[in-house]
Amino acid sequence: MLSEALTKALSEQVNAEYYSAYLYLGMSAYADREGYKGIANWFFIQAQEERAHAVHLYQHILERGASPVFTDIQAPPASFAGIKDVFEKVLAHERGVTARINKIASMAAEEKDHATYNFILWYVNEQVEEEKNAGEIISKINLMGNSPALLFHLDSELAARTFTDPFAGGSA
Ligand code: OFO
């Protein structure tokens, strides 16, 4: 059985993952409006992944005999100062998510809730990827000098991204 504190923390993380999905859907819409269809695709897939993260947390709460506590999902920003600004906001956001996940891992360890600790480690590793991906895209944009013409190369690259359920096959 999950403790009350971990139920609250995991429920807040369900909300945070849905906020991430909402944020990335908003970024997808922004990129689409600006004509960057490939970047819009990348964010659309990213939003799908975030929803999968949320549902997986929700399932863990239920499996451990607790009830998730649902709260309002904050509205994401609607406009940005360009594509570089978007990815810088992604990196800042993901660093915040990493801090939240690390806090849950520490709570689970302190409570000796080994099942939750083991469960949340998948998210700890995922955050390394999330920060790395955003950081690499920002580096590419910096190399391109934020030039709209060169950004179209990045756009083509990001158009290739497809959705794979991160939990298909019971990976976590
Ligand atoms: Fe769920 O990894 Fe991003 O926020």
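How many residues apart in helix α1 are Lys-8 and Glu-12, and about how many helical turns separate the two? I looked this up to open the notebook.

**Ground rules**

I am working from a predicted model, in which local features need pLDDT of at least 70, side-chain atom pairs count only at pLDDT 80 or more, and totals for chains, interfaces and linings use all residues. Residues are numbered from 1 along each chain as its sequence is written, and side-chain values use heavy atoms, with hydrogens and water left out.

**Entry 1: Lys-8 and Glu-12**

I find that Lys-8 and Glu-12 are four residues apart in helix α1 (residues 4–33), so about one helical turn separates them. Helices here are DSSP runs (H or I, at least four residues), numbered from the N terminus. Lys-8 forms a salt bridge with Glu-12, with 2.9 Å between the closest N and O atoms. I use salt bridge for a side-chain nitrogen of Lys or Arg within 4 Å of a carboxyl oxygen of Asp or Glu.

Lys-8 is exposed at 51% relative accessibility, and Glu-12 is partly exposed at 34%. The cut-offs are under 20% relative accessible area for buried and over 50% for exposed, with partly exposed in between (1.4 Å probe, protein chains only). I also noted the spacing of Glu-12 and Gly-96: 84 residues in sequence, and 13 Å in space from C-alpha to C-alpha.

**Entry 2: other salt bridges**

I searched the whole structure and got eight salt bridges. One of them joins Glu-88 to Lys-84, with the closest N and O atoms 3.9 Å apart. Glu-88 and Lys-84 are four residues apart in helix α3, so they too are separated by about one helical turn. Glu-88 is partly exposed, with a relative accessible area of 38%, and Lys-84 is partly exposed at 25%.

Another pair is Glu-157 and Lys-140, whose closest N and O atoms are 2.5 Å apart. This pair links distant parts of the chain, with Glu-157 in helix α5 and Lys-140 in helix α4, 17 residues apart. I recorded Glu-157 as partly exposed at 42% relative accessibility, and Lys-140 as partly exposed at 32%.

**Entry 3: the largest pocket**

Helix α4 gives the most to the lining, with seven residues. By class, I count four nonpolar, three polar and eight charged residues in the lining. Ala, Val, Leu, Ile, Met, Phe, Trp, Tyr, Cys and Pro count as nonpolar, Asp, Glu, Lys and Arg as charged, and the others, Gly among them, as polar.

Is Phe-43 buried or exposed? I looked in helix α2, where Phe-43 is found, and it is buried, at 0% relative accessibility. The C-alpha atoms of Phe-43 and Ala-29 are 8.7 Å apart, and the two residues are 14 apart along the chain.

Phe-70 lies in the loop between α2 (37–63) and α3 (83–110). Phe-70 is exposed, with a relative accessible area of 60%. With Val-55, Tyr-58 and Leu-62, Phe-70 makes a nonpolar surface patch of about 370 Å². For such a patch, I take residues with over 30% relative accessible area and no salt bridge, joining nonpolar side chains (Val, Leu, Ile, Met, Phe, Trp, Tyr) within 5 Å. The areas come from the Shrake-Rupley method with a 1.4 Å probe.

**Entry 4: two loop residues**

Val-69 is in the loop between α2 and α3, and I have it as partly exposed at 48% relative accessibility. Val-69 and Ser-3 are 66 residues apart in sequence and 13 Å apart in space, C-alpha to C-alpha.

Lys-112 lies in the loop between α3 and α4. I noted its positive phi of about 55°, although Lys-112 is not a glycine. Lys-112 is exposed, with a relative accessible area of 61%.

Methods:
Patch = residues over 30% accessible without salt bridge, like charges linked within 9 Å, V, L, I, M, F, W, Y side chains within 5 Å.
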